[in-house]
Amino acid sequence: DILKSLLSDPEANKPINVGAVNSINWARILAQITYYFHSYFSLVKKSPNFKIGDKVRFVVPTGNFGDILAGYFAMRMGLPVDKLVIATNENDILDRFWKTGKYEKKPEPEDGQTPAVEGVRETLSPAMDILVSSNFERLLWFLAYEFASSAGMDDLWNKKQAGQEVAKWLKELKTTGSFGPVYQDVLSSAKRDFDSERVDDSQTLETIKATYRKLGYILDPHTAVGVAATARSISNASPDMHHISLSTAHPAKFSIAVEKALNGEEGFDFENKVLPAEFIGLDKKEKRVTEVENNVDRVRELVKAQVEQELSETWMG
């Protein structure tokens, strides 16, 4: 919320031109669209059983919904996609939406269990530890627009109606912690293009271990979430459906999960076989961290002061 507030604040942007390199930035999603076309045509070249025009399922480890949204746009551009499979960890707000139509920070307690606590759960795949996915609202607009279009009004009305519907949902989310269930037609449209799987930490570790034993390949925990979800999707899809599981990171970045899964496995040596030379000694380097109050005004002041300092040093140099 703080980053979005800064990006939409003209007073903050005027002097320092705030930008973001995560998937809030549309330019990053635009670049990620190419992954889908590249991997699709790579599959055409490498598989004798797959030809141009055949549909494929993409499985995407998902936190902020940016990468998989790029896949959605690739599909809208004409790429033959059967399903986009959302692979989530235990922070499963997206998985619960696809199963219930309700987008809720705090999940309903299961029978006989204590009520769930609102908040992000720390997992072995930390880049996916996100409570509210920033890019999900972009998909919601397209779903709401499709629903509005069924009313038979003109396109301007459809777009306005979609914007109002999404604004209402997001206001409910901010004030009550949830919205929905959405209209059944909206959920049906979401399920037409997407599927979803939830993978917990124990399943993540087991997938890393099983893949290493079978292929000698070391998965990072986020990719492992996707591979586990891929296995489930394969079991649910037709036998001739091809799958592409997107990988996300180098395993050296997530040593805790990798070592927890593979310590004691034959041939596994994190220091000598996983850790790139460029990473050696990084943990001994100076760490520069600035703590700031969880407040948009304090963050704005800090960013402004930092930019002004860097500009001053540049001019003096």
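Throughout these exercises, buried means under 20% relative accessible area, exposed over 50%, and partly exposed in between, with a 1.4 Å probe and protein chains only. The model is a predicted one, where local features need pLDDT of at least 70, side-chain atom pairs count only at pLDDT 80 or more, and totals for chains, interfaces and linings use all residues. Residues are numbered from 1 along each chain as its sequence is written, and side-chain values use heavy atoms, with hydrogens and water left out.

**Exercise 1. Salt bridges**

Solution. Side chains of opposite charge can pair when their charged atoms come close.
- Step 1: in one of them, Asp82 and Arg57 meet at 2.7 Å, N to O.
- Step 2: Asp82 is partly exposed at 23%, whereas Arg57 is buried at 10%.
- Step 3: turn to a pair within a helix. Asp297 and Arg300 form a salt bridge whose closest N and O atoms are 2.7 Å apart. The two residues are three apart in helix α13 (residues 296–316), separated by about one helical turn. Salt bridges that share partners also join Asp9, Asp297 and Arg300 into one network.
- Step 4: end with Lys102 and Glu104, a salt bridge at 3.9 Å, N to O. Lys102 is partly exposed at 24%, while Glu104 is buried at 13%.

**Exercise 2. Aromatic pairs**

Task: classify the pair Trp26 and Phe73 as stacked or edge-to-face.

Solution. A pair of aromatic rings is described by the distance of the centres and the angle of the planes.
- Step 1: rings of Phe, Tyr and Trp (its six-membered ring) pair if their centres lie within 6.5 Å; planes under 30 degrees apart are stacked, over 60 edge-to-face and the rest tilted. There are 23 aromatic pairs in the structure.
- Step 2: Trp26 and Phe73 have centres 5.3 Å apart and planes at 85°, making the pair edge-to-face.
- Step 3: Trp26 lies in helix α3 (residues 26–46) and Phe73 in helix α4 (residues 66–76), so this pair ties together parts 47 residues apart in sequence.
- Step 4: Trp26 is partly exposed at 40%, and Phe73 is buried at 13%.
- Step 5: contrast this with Trp141 and Tyr145, a stacked pair at 5.1 Å centre to centre and 10° between the planes. These residues are four apart in helix α6 (residues 136–149), separated by about one helical turn.

**Exercise 3. A helix and its cover**

Task: determine how many of the eight residues of helix α5 are buried, and what covers the buried residues.

Solution. 
- Step 1: six of the eight residues of α5 (residues 93–100) are buried, so the helix is largely enclosed by the rest of the structure.
- Step 2: the buried ones are Ile93, Leu94, Asp95, Arg96, Phe97 and Trp98.
- Step 3: their cover includes β2, β3 (103–104), α6, β4, α8 and β5 (194–198), where contact means heavy atoms within 4.5 Å.
- Step 4: just after α5, Gly101 takes a positive phi of about 80°.

Definitions and conventions:
Salt bridge = Lys/Arg side-chain N within 4 Å of Asp/Glu carboxyl O.
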